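Student: I have a model open and I'd like to learn how to read it. Could you walk me through it feature by feature?

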Amino acid sequence: MGETPAFCVDSPQNGFSNGFGLKSKGFETSTDVGDKTFVIGGANNDSASSIGVQIFDKSTGNWVIPTVLGTKPKPCKGNSAVLLNEDRIMIIIRGSAPDDCIWFLEVDTKYVKDKKKVLGTEVVAWSKGVRGDAEKPVVISGPSGVGKGTLINMLMKEFPSMFGFSVSHTTRAPRGMEKNGVHYHFTERSVMDKDIKDGKFLEFASVHGNLYGTSIEAVEAVADSGKRCILDIDVQGARSVRASSLDAVFIFVCPPSMRKLEERLRARGTETEEQIKKRLRNAKAEIEQGKSSGIFDHILVNDNLDDCYENLKELLGLDGSTPTNHKPSSKGIDLPLNHLVSKIDNKILIKRETPELGNASKNLIVLDVSSLRGGAPGRTRGLNIYAIDSFSDGLNGIHKLSQRLQHY
Ligand SMILES: Nc1nc2c(ncn2[C@@H]2O[C@H](COP(=O)(O)OP(=O)(O)O)[C@@H](O)[C@H]2O)c(=O)[nH]1
Ligand SMILES: Nc1ncnc2c1ncn2[C@@H]1O[C@H](COP(=O)(O)OP(=O)(O)O)[C@@H](O)[C@H]1O
């Protein structure tokens, strides 16, 4: 048997306690989940550009370096760790920018369990926490030629700083105007098969005889740019995403008739006769599934393009008053550098350690984690944050707390 990792607090300068008996020395914290101890902090083993994660398996006495998915937080001067629902650890990063201080390390969520099965290794996944209901990703599906690409282009043109396109991988050949890395990542089948096996895809499906898939990186690249992610994927892909933790808005676009759909496909002139026939055959089943599967939140009929576009904008909450250069709000959290962390029910209390600024300062920050949504891959939404002025005893009980809560 190996030794259980021991972490002790020497002094506040060298380490800190987060209030739960989870202690760190230097820049690491340790959190027990079942038989495993997750040690989080320092730099990642293979790169100094991200925070490290190691697992001590108490049942075997072995240390394990897990496969770490997701965009990772940068190395930091220390963190506090709070276990939530036995399946994810909330990490509060010390000394980071206000929009970069709350992260979640998923250790046993459905997403992580699925990836463990695929990869056959220990897996953890990072997801950054964002306040409130930062705009959900948008999944758009519909038969070939219905106008998905046209509608998405209109949206991206009108709101360039708001939306980002999830660039899929595909094994199909590029069309004349299509650019690698912009419209698709055009890929060899063997490469894509391997990447799928390695767990790099959120979803994939065989569509009209080619393989298509959304990589985790594609979704995270958009989230990292602070934009709302748009996915143009088929119904099978939408079903997979629905079953994932992405927590998106699902929209299905229907043609006004099969005849109109055929006309559009032919007028586009990008497919051979054989490919057009195949796409029209598949369209019938796709429309049936789109309407009856329960996957989609909204069904849009693309008859008149301008009307359909207006309806799409309305669904996405983009009424006339939305500035076209609007960005999804990503207000951060100004955490005091030195703080103590504790948990009461679904509230995480972050108490300033040195309230020398006096009672006028916000001494206690409360993170309400009762309605978290989403998660890896992508963001964890639904964090609610409050601050309390002069709070003499931060751990005095939830009843007192609730009387004093005020919006931050
Ligand atoms: N599941 C899945 N479907 C995708 C993805 N990317 C594109 N598709 C779908 O594949 C189908 C064919 O796309 P494409 O070859 O661009 O043809 P088009 O729909 O006629 O423009 C469409 O239904 C797309 O929505 C993806 O990453 N995953
Ligand atoms: N409402 C519409 N009325 C007429 N033509 C349309 C309409 N919407 C899109 N189109 C045209 O139909 C063709 C197929 O649209 P596209 O956006 O490429 O479809 P998809 O991405 O769903 O395959 C394009 O030539 C486009 O200009």
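Predicted model: local features only at pLDDT ≥ 70, side-chain atom pairs only at ≥ 80, totals over all residues.

Student: Which helices each supply at least two residues of the shell around ligand 2?

Tutor: Helix 2 (148-158), helix 6 (258-268) and helix 8 (305-315) each do that. Of the 14 residues around ligand 2, the nearest are Gly 147, Gly 149, Thr 150, Arg 264 and Leu 305. By class, that shell has 4 nonpolar, 7 polar and 3 charged residues.

Student: And which residues come nearest to ligand 1?

Tutor: Ser 144, Ser 168, Tyr 212, Ile 233 and Gly 237, out of 18 residues around ligand 1. Strand 16 (201-207), strand 17 (210-215) and helix 5 are the elements that give two or more residues to this shell. The shell splits into 4 nonpolar, 10 polar and 4 charged residues.

Student: Let's step back to the whole chain. How many helices and strands are there?

Tutor: The protein chain has 9 helices and 25 strands. Of its 408 residues, 40% count as buried. For contacts between residues at least 6 apart in sequence, 58% join residues at least 24 apart.

Student: What does UniProt list for residues 135-317?

Tutor: An unreviewed UniProt entry gives that span as "domain: Guanylate kinase-like". In the model the span is 44% helix and 22% strand, and its end C-alpha atoms lie 10 Å apart.

Student: Back to helix 5, then. Which of its residues are buried?

Tutor: The cut-off first: a residue is buried if 20 or more other C-beta atoms lie within 10 Å of its own. In helix 5, Val 235, Gly 237, Ala 238 and Val 241 are buried. Those residues cover an arc of only 155° around the axis, so they sit on the same side of helix 5. What covers them includes strand 12 (138-141), strand 16, strand 17, strand 18 (228-232), strand 19 and helix 7 (273-292).

Student: Where is Asp 224?

Tutor: Asp 224 is in helix 4 (residues 216-224). With 13 other C-beta atoms within 10 Å, Asp 224 is partly exposed. Asp 224 and Val 167 are 57 residues apart in sequence, and their C-alpha atoms are 14 Å apart in space.

Student: Now the backbone angles. What should I look for?

Tutor: The general idea is that most residues other than glycine have a negative phi, and most peptide bonds are trans. So you look for the exceptions.

Student: Which loop does Asn 85 lie in?

Tutor: Asn 85 lies in the loop between strand 8 (79-84) and strand 9 (88-93). Asn 85 has a positive phi of about 50° although it is not a glycine. With 10 C-beta neighbours inside 10 Å, Asn 85 counts as exposed.

Tutor: Asp 247 is another case, with a positive phi of about 55°. It lies in the loop between helix 5 (235-243) and strand 19 (249-254). Asp 247 counts as partly exposed, with 19 C-beta neighbours inside 10 Å.

Student: Which peptide bond is cis?

Tutor: The one from Ala 376 to Pro 377, with omega near -5°. Pro 377 is found in the loop between strand 24 (373-374) and strand 25 (380-389).

Student: Last one: what is the mean pLDDT of the chain?

Tutor: The mean is 83, and 81% of the residues reach 70 or more. Over residues 390-399 pLDDT stays under 50, and the model has 13 contacts there beyond four places in sequence. Residues 402-408 also have pLDDT below 50, with 12 contacts beyond near neighbours in sequence. For the model scores, ipTM is 0.98 and pTM is 0.78.

Key
Residues numbered from 1 in each chain as written. Chains lettered and ligands numbered in written order. Helix = DSSP H or I, 4+ residues; strand = E, 2+ residues; numbered from the N terminus. Buried ≥ 20, exposed ≤ 12 C-beta atoms within 10 Å, placed from the backbone. Contact = placed C-beta atoms within 7 Å. Near = placed C-beta within 6 Å. Nonpolar A, V, L, I, M, F, W, Y, C, P; charged D, E, K, R; others polar. UniProt positions renumbered as here; feature names shortened; annotations may be inferred. Arc of directions from axis to C-beta. pLDDT = per-residue confidence, 0-100.
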